[in-house]
Amino acid sequence: MDVTTLLIILLVGTFATYFSGDKWAPKVALLVGITAFASAICLLNQYNLGNEISYTKLWIAKPKIYLAFQADGLALAMLLLTTALTPIIIFSSFGNTYKNSKAFYALIVFMSFAMSGTFLASDGLLYYIFWELALIPIYFIALIWGNGDAEERKKAVVKFFIYTLAGSLFMLIAFIYLQTKAGSFLISDLTQLKLSSTEQFWIFLAFFLAYAIKIPLIPFHTWQAKVYQKAPTVGTMLLSGIMLKMGLYSVIRWQLPIAPLAAKEYMYVFIGLGIAGVIYGSIVALRQKDLKKLLAYSSLAHVGLIAAGAYTLTLDGLRGAVLQMIAHGFVVVGLFFVAEIIYRRYETRKIAEMGGIRAQTPKFTSMFMLLVLASVALPSTFNFVGEFTVLFSLSQVNIWFAIFGGTTIILGAYYMLKMFQHVMLGETNTKLFADVTFNEGLTLVIIIAVLFFFGLYPKPIMTLITPSLENILTQINRFN
């Protein structure tokens, strides 16, 4: 199967979803999502058989711009994450009613198309186009179908859009400069360049601005909590589960191999920024009274640790970062879905207005507890594998980085268990809490099954991503 087939399925699926009408749009979108996931599995099988999965065709002659896509182990891991979470997110939304649902679900499928293209593109300008395309659907999803006061929501979403777009323009300038040096935008040509340390510094900084905003890392995080809170839960899942992984993936794929001298020279600074995000996100999460905002700051803490792992420039750091990206994608989608299940019944996200739910729904309580334990990296969960590997890599650089980075586990356990206590335990709530529906239960069971399966047996993913990460590490160390 050609690597472009999956992208064609998602692009055609976008139009099919829209033109199917409001009644059929959710089902068509789900079918498209499942088909795309099946296509990703087919690509994985081809890769495991030793076949090269790539497509390169000249698109524009001057300057040379290629329609170039390549799926190595790293790209496939992110593609599988995207195509697995997309149908889960779509299915989770079936308990809600959306006005003009054909446009809503078409935008979700289109966003999946753009994010998949970002992970597969091996031409810098093509990658940039997909990177920016992913911003358009989430802008409209959050703006039109979001929560709360319309004016406040508009301010938050516009800030996010402008902030992200501005950061991306620096990345575009960097790509244009690199093209003048290499003669093309192909990553294989860009990573062969012998740039001076000054050139690498400015290229590294331009990429960093784009990625730090998208991930986000402090102090570029100011858009995150408000947008996560104001977006509909589906939008928040797309942002936290997949879209922020575009930034983390791009650090490993583009930034580090193209500007390795700058990465090595300023390694301590960027690891420090990541760990500062861990501590800041955890402390601010402790003070939150809104469930979605608490989960937003929890996510900020976790991605800070992932970024710190990537910037160690070690195989363990890169591998731990990718493992944690995938684990975080599933657990954060599960937790935001839990928040949505509670909102459907109580129509509030204020933690103080919850409590006493456990007695009414023990099944839901058990599933919620398992997700909380996965979030705090309990051994036997997928998150533990990723966090342990990242912390080990940090200890190889400096033991103090590992100690401060480890606060994500201690503080995370404190604020997540405290949140669970206030939301679920206590005297039985006077408000009726209907037990989870079959659809809701199935969604949570699938997510929990993934987290525990790969927590106990992470080998398939490690085997998939390690050769690609070793190649990237070779490129990073080419100046030694």
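Trainee: Why is Asp435 called partly exposed?
Mentor: Asp435 has a relative accessible area of 33%. Buried means under 20% relative accessible area, exposed means over 50%, and partly exposed is in between, with a 1.4 Å probe and protein chains only. Therefore Asp435 counts as partly exposed. One caution: this is a predicted model, where local features need pLDDT of at least 70, side-chain atom pairs count only at pLDDT 80 or more, and totals for chains, interfaces and linings use all residues. Residues are numbered from 1 along each chain as its sequence is written, and side-chain values use heavy atoms, with hydrogens and water left out.

Trainee: What makes Lys363 and Asp435 a salt bridge?
Mentor: The N to O distance is 3.9 Å. A salt bridge needs a side-chain nitrogen of Lys or Arg within 4 Å of a carboxyl oxygen of Asp or Glu. The pair of Lys363 and Asp435 therefore qualifies. Helices here are DSSP runs (H or I, at least four residues), strands are runs of E (at least two), and both are numbered from the N terminus.

Trainee: Why does Lys363 count as exposed?
Mentor: Lys363 has 52% relative accessibility, so the label is exposed.

Trainee: How many salt bridges are there in the whole structure?
Mentor: The search finds 10. One of them joins Glu152 and Lys226, with the closest N and O atoms 3.2 Å apart. That pair spans 74 residues, from helix H7 (residues 150-182) to helix H10 (residues 224-230). Glu152 is partly exposed at 38%. Lys226 is partly exposed at 35%.

Trainee: What makes Arg345 and Glu440 a link between separate parts of the sequence?
Mentor: Their closest N and O atoms are 2.7 Å apart, in a salt bridge. Arg345 lies in helix H15 (residues 315-346) and Glu440 in helix H20 (residues 438-456), so the bridge ties together parts 95 residues apart in sequence. Arg345 and Glu440 also belong to a salt-bridge network with Glu340, Arg344 and Arg349.

Trainee: Are Arg345 and Glu440 buried or exposed?
Mentor: Arg345 has a relative accessible area of 18%, so Arg345 is buried. Glu440 has 4%, so Glu440 is buried as well.

Trainee: Why is Thr83 called buried?
Mentor: Thr83 has 1% relative accessibility, so the buried label applies. Thr83 is in helix H3 (residues 73-92). Leaving out residues up to four places away in sequence, Thr83 touches Leu6, Gly33, Ala36, Phe37, Ala40 and Ser116. Touching means contact, with heavy atoms within 4.5 Å.

Trainee: What makes Leu11, Phe15, Tyr18 and Phe19 a patch?
Mentor: Patches are made of residues with over 30% relative accessible area and no salt bridge; like charges are joined within 9 Å, nonpolar side chains (Val, Leu, Ile, Met, Phe, Trp, Tyr) within 5 Å. Leu11 has 32% relative accessibility and so counts as partly exposed. Leu11, Phe15, Tyr18 and Phe19 form a nonpolar surface patch with about 430 Å² of accessible area together. Such areas come from the Shrake-Rupley method with a 1.4 Å probe; for residues, only the protein chains shown count as cover.

Trainee: Which peptide bond involving Pro216 is cis?
Mentor: The bond joining Ile215 and Pro216 is cis, with omega about -10°. Pro216 lies in the loop between H9 and H10. The bond from Ile218 to Pro219 is also cis, with omega near 5°.
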